[in-house]
Amino acid sequence: MTEMKLVEDTAAKIMSMEVRGALRIAVEASKALLSVIEQGATFDELVSASDKLRDARPTAVSLPNAINYILHLAEEAGKNEPTVAKAMLIADVTSFIKELEGTIDKIAEIGSRLIENGDVILTHCNSKTVTSVLAKAKRDGKQFKVYACETRPRYQGHITVKDLMEAGVDVTLIVDSAAYYTMLHKDVKKVFVGADTVYANGDIINKIGTSQVALAAKTAGVEFIVCTESIKFSPASMMGEVPEIEERESSEVTDMKEIKVFNPAFDVTPKEYVHMVVTEHGIIPPEAAYSVLKERFAWSFGED
Ligand code: RUB
């Protein structure tokens with residue numbers, strides 16, 4: 001497979017959701033760009049490969065963040081003589097990917113400490129970050145139960161149930177509309193969800209339905225915990241930009257072609273509903289998102 005074909009293939013897999021989840025999208029796009037670099041692409045070719053990947057899914061900011069960082073690394077490496085520049089860039093991008101992949105284990109380590117024996121937890125969608133937190137708590141010998149929302153229309157909750165069963169976690173599938181009832185009647189103590197984007201003000205974008213779960217959690221007095229790598233924080237939101245909320249095909253919802261369908265894939269949970277955000281750097285209140293952005297994305301403000 002030529003390297004551009006690999007880029008197009010990766011973009012197609014992200015669009016079709018064969019590759020999904022904000023962290024995995026960023027990792028796979030970065031790997032595709034690494035292969036382009038390894039083939040000796042010029043900077044312009046790297047930019048054109050990046051453009052093919054950038055818009056594959058519009059809401060998860062982890063994707064443009066990873067791409068922009070690789071382009072920044074390429075600019076920096078390009079200040080050297082060409083063979084040195086190539087070797088340097090390959091090393092830098094390889095270590096960036098390794099770091100990205102490693103963040104999930106750090107969050108698992110930190111987030112699992114929040115889980116106590118006897119906890120009943122609810123989750124929505126399929127976040128590999130959240131499932132790694134839950135799996136780590138299980139490996140640490142904690143006894144707890146999980147309720148997983150099925151997550152219409154794409155049923156990512158089924159993946160969550162499978163992931164957690166493989167990890168030996170006691171997990172039960174519920175329909176999305178049973179979230180509040182389950183909180184009240186099954187003594188849910190904590191909600192854990194992932195994120196696609198974190199705004200500078202601490203608001204969180206995640207799978208459609210997350211904000212309803214957060215509203216229900218607030219009413220039911222249940223802690224609402226977001227687990228997210230800092231690559232999902234949005235530098236553009238510091239300048240007032242808001243990511244587009246992806247709307248997907250009506251065929252995901254129904255095969256009745258004659259009816260009107262509105263199918264947003266994500267929603268925004270206001271920071272007031274979020275008790276804490278678990279990142280690879282530690283646990284922060286949502287209001288601290290701005291400080292994380294200033295530090296994590298210093299390179300994009302010309303500050304490194
Ligand atoms: C996935 C989703 C996940 C976040 C975080 O939506 O909303 O909760 O992406 O996932 P989709 P992770 O299925 O539409 O991609 O923690 O794995 O990055």
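Me: Hi! What is a polar contact, for a start?
Reply: A polar contact is a pair of N or O atoms within 3.5 Å. Keep in mind that this is a predicted model.

Me: Good. How far is the ligand oxygen from the side chain of N206?
Reply: An N or O atom in the N206 side chain lies 2.7 Å from an oxygen atom of the ligand.

Me: How much of the ligand does the protein bury?
Reply: The protein buries 100% of the 450 Å² that the ligand exposes when taken alone.

Me: Where does the ligand sit, then?
Reply: In the largest cavity. The elements giving two or more residues to the shell around the ligand are α2 (22-38), α6 and β6 (204-207).

Me: Which residues come nearest to the ligand?
Reply: There are 18 residues around the ligand, and R20, S127, T129, N206 and K207 come nearest.

Me: Let's stay with α6. Is S132 buried or exposed?
Reply: S132 is part of helix α6, which covers residues 128-139. Its relative accessibility is 15%, so S132 counts as buried, because the cut-off for buried is under 20%.

Me: What does S132 touch, leaving out residues up to four places away in sequence?
Reply: I104 and A108.

Me: What is the phi of Y155?
Reply: Y155 has a positive phi of about 55 degrees, although it is not a glycine. You'll find Y155 in the loop between β2 and α7. At 31% relative accessibility, Y155 counts as partly exposed.

Me: And C125, what is its phi?
Reply: About 70 degrees, so a positive value, in a residue that is not a glycine. C125 is found in the loop between β1 (119-123) and α6. With 6% relative accessibility, C125 counts as buried.

Me: Last one: where is E8?
Reply: E8 is in helix α1, residues 3-16, and is partly exposed at a relative accessible area of 40%.

Notes:
Residues numbered from 1 in each chain as written. Predicted model: local features only at pLDDT ≥ 70, side-chain atom pairs only at ≥ 80, totals over all residues. Heavy atoms only, no water. Helix = DSSP H or I, 4+ residues; strand = E, 2+ residues; numbered from the N terminus. Buried < 20%, exposed > 50% of the residue type's maximum accessible area, 1.4 Å probe, protein only. Contact = heavy atoms within 4.5 Å. Near = heavy atom within 4 Å. Polar contact = N/O pair within 3.5 Å; in protein donor to acceptor, adjacent residues only side chain to side chain. Areas by Shrake-Rupley, 256 points an atom, 1.4 Å probe, with all protein chains shown as cover. 1 Å grid on protein atoms, 1.4 Å probe; cavity = no way out; pocket = protein on both sides within 12 Å on 5 of 7 lines; lining within 4 Å. Sits in = over half its atoms within 2 Å of the grid points.
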